[in-house]
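Here is a friendly walk through one protein model, from its overall build down to a few individual residues. Keep the structure open beside the text as you read.

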Amino acid sequence: MLVDALAHLEDPRVARVSALLDRAAEAGVHDVICGATDPEAALPAFTHARVRVHGACGLHPRVVDAARVSLQLDALAAQIARARPIAIGECGLDAREAMPDLDDQVRALEGAILLARAHDLPVIFHVVRATERFLDVIARFEGVRGVVHGFTGAAEVARALVERGLFVSFGGAVTDLRARRARAAARAVPIDRLLVESDTPDHPAAGLAASEPSMLPVVVRALAALRGDDEEAVARATAENARGLFGLPPSQMGTAR
């Protein structure tokens, strides 16, 4: 019974969520973490008879507003109190061109981490081209729990994240033979720190037009082959790791927020 460590079911590109979750259930995915990106936007709720969808509240780097970081963090705090999420995320740093100033992103990230600590919640981290700065931030906070999602970086970076107590999550990239760095990193992460995700609707498995939770068995199969592990062992470990990190109850049929 797989756990999707991050999906964006509220994304306008995602059509017919109920049918998508039907396919997820048929593929053995029984828990999906639905990550939010903007604390000032409405937080949707999804229920399904066979898949439990769990909400996370986030402040994505791309929506950070230099003039309003404090107000955005206030909105995030209010959203957390109202929605009672299982995690904070996505939050993080992204140094790509056209993204907000990195110093402002750091302010937002530090505020989100403080909220996570105050509510004893893990964090779903988005880190793109800003690993060194991210590690500097993490080093200033004792006992941060979380996962760096959608990892496609180098093996040595993955090891550095694990050394700081974080989990590392892989998605469709590991199914692509051209993604040599991501595939090497997937071999470097200890199985007790490994998660899987769809990042719906982005980052599909090789040959697919879009990502969705039902592709997770393909990701698990690729990880098992790369690592020389048993496929069932990878499926079991990633699900148990996710349940431990996010505080999920044992998987069973039912509905959830």
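## Overall build

Of the 257 residues in the protein, 57% are buried. Please keep in mind that this is a predicted model. The protein has eight helices and eight strands. Its radius of gyration is 17 Å, close to the 18 Å that the globule rule gives for 257 residues, so the protein is as compact as a globular protein of that length. If you turn the model along its principal axes, the C-alpha trace spans about 45 × 40 × 30 Å.

Among the contacts in the protein with a separation of 6 or more, 71% are between residues 24 or more positions apart. The accessible surface comes to about 11200 Å², and carbon and sulfur atoms account for 49% of that area.

## Aromatic rings

A pair of aromatic rings is described by the distance of the centres and the angle of the planes. How many aromatic pairs does a search of the whole structure find? There are two aromatic pairs, and the table sets them out.

| Pair | Centre to centre | Angle between planes | Arrangement |
|---|---|---|---|
| F125 and F134 | 5.0 Å | 70° | edge-to-face |
| F151 and F170 | 6.0 Å | 80° | edge-to-face |

For F125 and F134, the planes are at 70°, so the pair is edge-to-face. Both of these residues, F125 and F134, are buried.

One more ring is worth a look here. R193 lies over the face of F167, at 4.3 Å from the ring centre.

## A closer look at T175

Where is T175 placed? T175 sits in the loop between strand 7 and helix 6 (180–188). Is T175 buried or exposed? With a relative accessible area of 15%, T175 is under the 20% cut-off, so T175 counts as buried. Its side chain reaches the backbone oxygen of G172 at 2.6 Å. Leaving out residues up to four places away in sequence, T175 touches R183, A205, A206, V218, V219 and A222.

## Backbone details

Most residues other than glycine have a negative phi, and most peptide bonds are trans. Against that background, a few spots in the backbone deserve a visit.

G89 and E90 are joined by a cis peptide bond with omega of about 15°, and E90 lies in strand 4 (residues 87–94). The peptide bond from T200 to P201 is also cis, with omega near 0°. P201 is in the loop between strand 8 (194–196) and helix 7 (216–227).

The next stops concern phi. R16 is a residue other than glycine, yet its phi is positive, near 50°. R16 is located in the loop between strand 1 (2–7) and helix 1 (17–26), and it counts as exposed at 68% relative accessibility. A98 is not a glycine either, and has a positive phi of about 80°. The loop between strand 4 and helix 3 (102–118) holds A98, which is exposed with a relative accessible area of 82%.

Terms used:
Residues numbered from 1 in each chain as written. Heavy atoms only, no water. Phe/Tyr/Trp six-rings, centres within 6.5 Å; stacked < 30°, edge-to-face > 60°. Buried < 20%, exposed > 50% of the residue type's maximum accessible area, 1.4 Å probe, protein only. Lys NZ or Arg CZ within 6 Å of the ring centre and 35° of its normal. Helix = DSSP H or I, 4+ residues; strand = E, 2+ residues; numbered from the N terminus. Rg over C-alpha atoms; globule rule 2.2 N^0.38 Å. Contact = heavy atoms within 4.5 Å. Areas by Shrake-Rupley, 256 points an atom, 1.4 Å probe, with all protein chains shown as cover. Polar contact = N/O pair within 3.5 Å; in protein donor to acceptor, adjacent residues only side chain to side chain.
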